[in-house]
Amino acid sequence: MAHVVVTGGAGFPGSHLCDAFLARGDRVTAVDDLSTGRFTNLLHHAADPGFRFVRADVTRALPVDGPVDVVAHLASPASPVHYRRLSVETLAAGSVGTRRALDLALRHGARFLLASTS
């Protein structure tokens, strides 16, 4: 059983990735600041002991406990409407957030996946 960290875990693709890893039997920590993601996308996992939700901004910190096997970095506003409203935040998620996610993966010797928006 792997411990998977999914940044942007409350967004559409991130929440489905959480579903897939949990269905496979992995432990999942979803990290999201909920600026564009919705916790309701993850609500069905709330009672799952293998699931943890952390409300955090990936450009500030990734407060994740224990060993990590996989880091999937999907955190970013993902719509032209959000790009206009959150332009600096979108750039920061793609740069600073990626650096923080990479640092987490490096500290744990974890595999790293980066998925970027348009």
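Trainee: Where is L34 found?

Mentor: In this predicted model, L34 is found in the loop between β2 and β3, the latter covering residues 51–55. L34 also has a positive phi of about 65 degrees, although it is not a glycine.

Trainee: Why is L34 called partly exposed?

Mentor: The relative accessibility of L34 is 22%, and since buried means under 20% and exposed means over 50%, with partly exposed in between, L34 counts as partly exposed.

Trainee: Why does H3 count as buried?

Mentor: H3, which is found in strand β1 (residues 3–7), has a relative accessibility of 1%; because buried means under 20%, H3 counts as buried. Setting aside residues up to four places away in sequence, H3 touches R27, T29, V64, D65, P67, V68, D69 and V70.

Trainee: What makes the pairing of the side chains of H3 and T29 a polar contact?

Mentor: The two side chains are joined at 2.7 Å, and a polar contact requires a pair of N or O atoms within 3.5 Å, so the H3 and T29 pair meets that distance limit.

Trainee: How do you know whether D26 is buried or exposed?

Mentor: D26 lies in the loop between α1 (12–23) and β2 (27–32), and its relative accessible area is 7%; because the limit for buried is under 20%, D26 is buried. The side chain of D26 makes a polar contact of 2.7 Å with the side chain of R24, and a polar atom of the D26 side chain lies 3.1 Å from the backbone nitrogen of A2.

Definitions and conventions
Residues are numbered from 1 along each chain as its sequence is written. This is a predicted model: local features need pLDDT of at least 70, side-chain atom pairs count only at pLDDT 80 or more; totals for chains, interfaces and linings use all residues. Side-chain values use heavy atoms; hydrogens and water are left out. Helices (H or I, at least four residues) and strands (E, at least two) are DSSP runs, numbered from the N terminus. Buried means under 20% relative accessible area, exposed over 50%, partly exposed in between (1.4 Å probe, protein chains only). A polar contact is a pair of N or O atoms within 3.5 Å; within protein, one must be able to donate a hydrogen and the other to accept it, and residues adjacent in sequence count only if both atoms are side-chain atoms. Contact means heavy atoms within 4.5 Å.
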